[in-house]
Amino acid sequence: MKINLLSCDAQRPDRRAIAKCIVEISNVGDSLAHELTNILLEGDAVDIEVKDKISGSALRALRKLDIDYEIME
């Protein structure tokens, strides 16, 4: 499943938790996850591919971190 991470509405976003979440739900490494987190927190959208087996828990994890997303496919 492909999702588009639109923004993070948390008052004080936890960069490390967001990067860890991206690593756990997609097939990217730590350094790329940190880079994607920085892009997201700067206000730009980020596309990621979510592992199909954990798509439900991935979406819950994103909501818990106050990340707005849209499902692409």
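Predicted model: local features only at pLDDT ≥ 70, side-chain atom pairs only at ≥ 80, totals over all residues.

Biologist: Which pattern does the chain follow when it is read along the sequence?

Modeller: The secondary structure comes to three helices and three strands. Read along the sequence, these elements give the pattern β-α-α-β-α-β.

Biologist: What is the radius of gyration of the chain?

Modeller: The C-alpha trace spans about 30 × 20 × 20 Å along its principal axes. For 73 residues the globule rule gives 11 Å, and the chain comes close to this, so it is as compact as a globular protein of that length. The radius of gyration of the chain is 11 Å.

Biologist: How do the strands pair, and how many bridges join β1 to β3?

Modeller: β1 and β2 run antiparallel and are joined by four bridges; in this pairing K2 stands opposite E49 of β2. β1 also pairs with β3 in the antiparallel sense, and there N4 stands opposite E70. The number of bridges between β1 and β3 is five.

Biologist: Is N4 buried or exposed?

Modeller: N4 is found in strand β1. Leaving aside neighbours within four places in sequence, N4 is in contact with A45, V46, D47, D68, Y69, E70 and M72. Its relative accessible area is 10%, and a residue counts as buried under 20%. N4 is therefore buried.

Biologist: Why do the buried residues of α1 line one face of the helix?

Modeller: The buried residues of α1, which covers residues 15-25, are I18, A19, C21, I22 and I25. An α-helix has 3.6 residues a turn, so residues three or four places apart point the same way. Seen down the axis of α1, the buried residues line one face because they fall within an arc of 160°.

Biologist: Which exposed residues are carried by the face of α1 turned away from its buried side?

Modeller: The buried side of α1 is covered by elements that include β1, α2, β2, α3 and β3. The face turned away from that side carries the exposed residues R16 and K20.

Biologist: At the start of α1, which residue has a side-chain oxygen that reaches the backbone nitrogen of R16?

Modeller: The contact lies at the start of α1 and ends on the backbone nitrogen of R16. The oxygen comes to within 3.3 Å of that nitrogen, and it belongs to the side chain of D14.

Biologist: Which residues is I22 in contact with, leaving aside its neighbours within four places in sequence?

Modeller: I22 is one of the buried residues of α1. It is also among the core residues that touch the most other members. With neighbours within four places in sequence left aside, the contacts of I22 are L5, V28, A33, L36 and T37.

Notes. Residues numbered from 1 in each chain as written. Heavy atoms only, no water. Buried < 20%, exposed > 50% of the residue type's maximum accessible area, 1.4 Å probe, protein only. Helix = DSSP H or I, 4+ residues; strand = E, 2+ residues; numbered from the N terminus. Arc of directions from axis to C-beta. Contact = heavy atoms within 4.5 Å. Polar contact = N/O pair within 3.5 Å; in protein donor to acceptor, adjacent residues only side chain to side chain. Pairing = 2+ DSSP bridges. Core = buried A, V, L, I, M, F, W, Y, C linked by side-chain atoms within 4.5 Å. Rg over C-alpha atoms; globule rule 2.2 N^0.38 Å.
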